[in-house]
Every structure is written in structure tokens, then in C-alpha cells.
Amino acid sequence: METIIDAHNISKIYNKESIPVYAINQVHLHIEKGEFTALVGPSGSGKTTLLNLIGGLDRADEGSISINGEEITQMSSGDLIDFRLKNIGFVFQSYNLIPVLTAKENVEFIMQLQGINEKDRIERVKLLFKQIGLEDKMDYRPSQLSGGQQQRVAVARALASRPQFVLADEPTANLDSASANNLLDIMWKLNQEEHITFIFSTHDQRVIDRAKRVITLVDGRIVSDTNQVPINH
Ligand SMILES: Nc1ncnc2c1ncn2[C@@H]1O[C@H](COP(=O)(O)OP(=O)(O)OP(=O)(O)O)[C@@H](O)[C@H]1O
């Protein structure tokens, strides 16, 4: 087994000056390559905060986080941005595609930032659009795509840089159930065939049922962590 994320005793505290809120309270988290893990819990339990900490989008106030053996808690801001770009893919609830760019350009943009040459970019984009089943819509702008299609483009964008893992914060929250299922099918296939590690937060029981591992947060703490046989069809 290959450890990808090792978070030790991490806390995130808001309102330190008045009444401190432990959004994340002394959490330990160990993620292996190939996981398909759901992070669940009531609203305000800390799911987004935890994803932001392990994704290096936010800083922990206590504890340490290493990704592929590299300690991110000690990195300078510049190094962290660079590390994120190379190692972590993000999918957000609201897709966050750049409206003036086409679907293809949205995916290519990240690779350009990484200095990947044009030939390799074109090849990779082709493959990714095949994997998300949108080869025929590569030149559409986000506004010309459905929510589900935009989220599939967001998954392709997250994978553009061949990240160590993909973090998805409620990726199906704005999708109807057919689109949500379709997105999950694509993520599952990428997980099974390419061993892409996915960690996603969700409120949706149908999405939870499709995970291999379910971690439940309450008040910033992990209260249960179980493996299950996923329902994937
Ligand atoms: N910037 C902030 N300043 C102050 N408190 C914050 C901030 N961000 C989050 N919190 C608090 O931290 C706790 C955890 O929030 P978080 O957004 O991580 O929960 P969540 O489980 O993702 O919720 P939801 O399911 O509603 O998205 C909440 O009590 C929230 O009010």
C-alpha cells in the first residue's frame, strides 16, 4: 500500500480572539493510493475545512500534513501553490470553469501553467475528453454545457496535471440524479482503471453508497470511519 495523505493531529481554529471554534479538532487521517472515499457529516461539521487543509488551500493551526511524504504544513506559500498545481486536483460544487474559455481550453490552461508542450497538451486533452465522454463538446464554452457536463469538464481539468489525488467538495450538489450518477460512473471508472484516488464530500446518500470508505465528521472530529462494498452499476 502506498500512503498518499498522512495528516496527524490537525486542527483549524476560527475566532481565536473571542470564542474559538474548532472547525477541525485534532484529526488524524490516512489515505492510501486508489481510495474512493466519501467524507460525510452534518452541515458545519468541517468537511470543507478538512478538504481545504489536505488540499493545501488553507493552513492548519495545529498538526502536520504530509502528501506523498512531503510535509506541506511547513512549505512557503509559493512552494505550496506550486506543489498543489503538480500534485492535487480539485473539483468544486459550482464547477468554477473559466467562462470565456472553451471546455478544451479550461483543461489545457492548467497544463500550460505547468509548462507542458503543445503536442503533449493536445494528446492529453483528447484522452481526457474521451474519458469524460465529451469529445464532441470540446469547443463549447461552459455556458453552452449542462451542469453535469460542466462538472465532467471540471473532473478532466482536475486530472490534467496527473495529480496524486482529486479532492471534490460536494461535486454532485447542483446536479440532478441522472447527471450525478453519470459523474460518479466516470469517477469510478477512473478510479478502477487508472487508480486515481478520489476523496469527495457529500450529503447525498446515493453518492455515499458508491464510496469504498466512508468517513463521518461531527463537530470537527472523525466519529466513524468504515469500509463498505460500494454500490456501483
Ligand atoms: N472563514 C471562517 N470563519 C469562521 N468560521 C468558519 C469559517 N469557515 C468555516 N467556519 C466554521 O467552521 C465549521 C466547519 O465549517 P465547514 O464549512 O468546514 O463545514 P461543512 O461540513 O463543509 O459544512 P457544509 O456541509 O454546510 O458545507 C463551521 O462551524 C463553520 O461555521
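Two residues are in contact here if their C-beta atoms, placed from the backbone, lie within 7 Å. Keep that cut-off at hand for the tour.

**Before you start**

This is a predicted model: local features need pLDDT of at least 70, side-chain atom pairs count only at pLDDT 80 or more, and totals for chains, interfaces and linings use all residues. Residues are numbered from 1 along each chain as its sequence is written.

**Stop 1: the whole chain**

Show the protein chain as a cartoon. Its secondary structure comes to 7 helices and 10 strands. Helices (H or I, at least four residues) and strands (E, at least two) are DSSP runs, numbered from the N terminus. The radius of gyration is 17 Å, close to the 17 Å that the globule rule gives for 233 residues, so the chain is as compact as a globular protein of that length. That radius is taken over C-alpha atoms, and the globule rule is 2.2 Å times the number of residues to the power 0.38. Along the principal axes, the C-alpha atoms fill a box of roughly 50 × 40 × 40 Å.

Of the 233 residues, 38% count as buried. A residue is buried if 20 or more other C-beta atoms lie within 10 Å of its own, exposed if 12 or fewer, and partly exposed in between, with C-beta atoms placed from the backbone. Among contacts with a separation of 6 or more, 71% join residues 24 or more positions apart.

Now select residues 5-231. An unreviewed UniProt entry annotates them as "domain: ABC transporter". UniProt positions are given in the numbering used here, feature names are shortened, and annotations may be inferred rather than shown by experiment. Over this range the chain is 35% helix and 27% strand, and the end C-alpha atoms are 25 Å apart.

**Stop 2: the open sheet**

Select strands S1, S2, S4 and S5. They form an open sheet of 4 strands in the order S2-S1-S4-S5, with antiparallel pairing. S2 and S5 (70-71) stand at the edges, each with a single partner strand, so one side of each is left without a neighbour in the sheet. Two strands pair if DSSP finds at least two bridges between them.

Zoom in on S1 (residues 3-14). With S4 (residues 62-67) it pairs over 5 bridges. Pick Asp 6: its bridge partner in S4 is Ser 66. S1 also pairs with S2, over 8 bridges. Here Ala 7 stands opposite Leu 29 in S2.

Follow the chain from S1 into S2. This hairpin has 6 residues between the strands, and Asn 15 takes a positive phi near 55 degrees. Pro 20 is found in the loop between S1 and S2. Pro 20 is exposed, with 12 other C-beta atoms within 10 Å. Leaving aside neighbours within four places in sequence, Pro 20 is in contact with Ile 13 and Asn 15.

**Stop 3: the ligand**

Which residues surround the ligand? Select Tyr 14, Val 21, Ala 23, Gly 41, Ser 43, Gly 44, Ser 45, Gly 46, Lys 47, Thr 48 and Thr 49. Strand S2 (21-32) and helix H1 (47-54) each give two or more residues. H1 supplies the largest share, 3 residues. By class, the shell has 3 nonpolar, 7 polar and 1 charged residues. Ala, Val, Leu, Ile, Met, Phe, Trp, Tyr, Cys and Pro count as nonpolar, Asp, Glu, Lys and Arg as charged, and the others, Gly among them, as polar.

**Stop 4: helix H1**

Stay with H1. Of its 8 residues, 7 are buried, so H1 is largely enclosed by the rest of the structure. Those buried residues are Lys 47, Thr 49, Leu 50, Leu 51, Asn 52, Leu 53 and Ile 54. Just after H1, Gly 56 takes a positive phi of about 70 degrees.

**Stop 5: Val 218**

Jump to Val 218, in strand S9 (residues 213-218). Its C-alpha atom is separated by 5.9 Å from that of Gly 41, 177 residues apart along the chain. Leaving aside neighbours within four places in sequence, Val 218 is in contact with Gly 41, Pro 42, Ser 45 and Val 223. With 14 C-beta neighbours inside 10 Å, Val 218 counts as partly exposed.

**Stop 6**

Last, select Tyr 95, in the loop between strand S6 (88-91) and helix H3 (103-113). Tyr 95 has a positive phi of about 65 degrees although it is not a glycine. Is Tyr 95 buried or exposed? It is buried, with 22 other C-beta atoms within 10 Å. Asn 96 is found in the loop between S6 and H3. Asn 96 has a positive phi of about 55 degrees, and is partly exposed, with 13 other C-beta atoms within 10 Å.

Definitions and conventions
Near = placed C-beta within 6 Å.
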